[in-house]
Amino acid sequence: MAEVITECSYCGAESDTLRKCKRCSNTAYCDRECQRAHWNEHKQQCNEILRMRNNDNIKVQQESASAATATATATAPFPGRPVNMNRQTEAVKQQPAASKMYRKAVREGREIVTMSVTGQGMVLPGQPLPDGVPSGFPLKQAAHALFLTGPATYAGKKLGNFAHEKAYRDYYDDLVENEKEWMDFFDHPMNYEHAEHSCGILGTFATIYRKRLDKESYKKCEEVLNMEIKLLAKYKKGMDIVAPTNTNDHFINYDGLEFKMHVIQFNLYRQMGQDEKCVPLFRKMLGYEIKYNMDYEQQNFLWMLELANIAPTAANVKKLSKINIMKIVNKLKQMENSQAGRACEEADRERVALKSCAACHATESAIGDFKSCGRCDNVVFYCNRSCQKQHWKVHKKVCNRQQGVQQAAVA
């Protein structure tokens, strides 16, 4: 079913007769003037959506071919989940018809506008999910699609992938609520790439919580990371079966995801004051940078050995003591407690801070939930149109004053 947009993407006016952008169908406008006024802001997103949809078509062809090859060369079925050769072959045969259905779904503006190859069969727009695919799979599709769109802006700040917190949270909540259903899905070796996608999403989601710098967010960050640990194990297990003789790309990806997760854990435990937990993580991160022979410009952790007057070599990493690691952790804390360090940390916290409604003072549940005043450049935020109307008498003087400043600046 197509998403119904009831507010103009430029001025925020409510209407049941808005005109959607014909290229991407993700925005809608009162009239041609609003659409033209919004184009400079919207065009990058619009082009990115079109590029992503085109890439999805290409990727489906590549994944289908890969699925057929991998299934044919698998030497042993996954314990308890035999590979259904006929089903995989049938999924690949469906691909040309699937492309046609995909294009039709895009034209009609349906919610699910991506296709996915799974071990249980093709997931197609507007079609029932294959048996064994979790009912929340569209949430994973939506979170991954937004994750791939990259840079986004909210409240005047460039947030990158952080701007899509709501989609990540919706997917994570479904993972938690239906964990057994999802783990059974990831147990199928052909779904290892979906586990890989999910690890990237959860890593970003955990980082958002970590940067909020409060106890409740630290707790949530740890919970998200615990789920990522489970999915990382599923990714590796499926990859070992499906792609044991393939290129090293998947194993490099796995190492990279594990390294990024360790970085998040290391930073989290330092912020929580749990320095003892940092020691094994620090060793693992050093091992990763040694394994991939990173030079000084690429290093995130090897250079830190110099803080303890230790040369960053493989031999020194092997004999590195716990005492020396604790010295490095303490030096890092001293750097972070400096004026520059605190300013950087506060800037990070502000970047992911949740906004409050100026009228009812409710706090948004995720970045981007509330909309700002369309006239005065992100000064105030509202949870709905009613709150904005209720607050207008208070806000209009400030709003008009800032609008006058903006107009004077342009002049």
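What follows is one answer, on the core and then on a pocket.

Author: This is a predicted model, in which local features need pLDDT of at least 70 and side-chain atom pairs count only at pLDDT 80 or more, while totals for chains, interfaces and linings use all residues. Residues are numbered from 1 along each chain as its sequence is written, and side-chain values use heavy atoms, with hydrogens and water left out.

The chain has 14 helices and eight strands; these are DSSP runs numbered from the N terminus, helices being H or I of at least four residues and strands E of at least two. Of its 411 residues, 45% are buried, where buried means under 20% relative accessible area with a 1.4 Å probe, counting protein chains only.

In soluble globular proteins, nonpolar side chains tend to be buried together. A nonpolar core is a set of buried Ala, Val, Leu, Ile, Met, Phe, Trp, Tyr and Cys residues joined through side-chain atoms within 4.5 Å. The largest one here has 69 residues, and Phe266, Phe282, Phe301 and Leu305 touch the most other members. Among the elements that give two or more residues to this core are helix 4 (137-149), helix 7 (192-210), helix 9 (249-272) and helix 12 (322-336). Helix 8 makes the largest contribution, with 10 residues.

Phe301 shows how such a member is placed. Leaving aside residues up to four places away in sequence, Phe301 touches Phe259, Val263, Phe266, Phe282, Met285, Leu286 and Glu289; a contact means heavy atoms within 4.5 Å. A separate core of 10 residues includes Ala359, Val380, Phe381 and Cys399.

Some of these parts return in the second largest pocket. On a 1 Å grid over the protein atoms alone, a pocket is an open set of points with protein on both sides within 12 Å along at least five of seven lines, and lining residues have an atom within 4 Å of a point. The volume of this pocket is about 1,000 Å³, taken as the space filled by probe spheres set on points joined across faces, edges and corners. Its lining has 41 residues, and Thr207, Lys260, Val263, Ile264 and Asn267 lie nearest the centre. Helix 4, helix 7, helix 9, helix 12 and helix 13 (339-351) each supply at least two lining residues, and helix 9 gives the most, 13.

Notes:
Buried means under 20% relative accessible area, exposed over 50%, partly exposed in between (1.4 Å probe, protein chains only). On a 1 Å grid over the protein atoms alone, a cavity is a set of points where a 1.4 Å probe fits but cannot get out, and a pocket is an open set with protein on both sides within 12 Å along at least five of seven lines; lining residues have an atom within 4 Å of a point.
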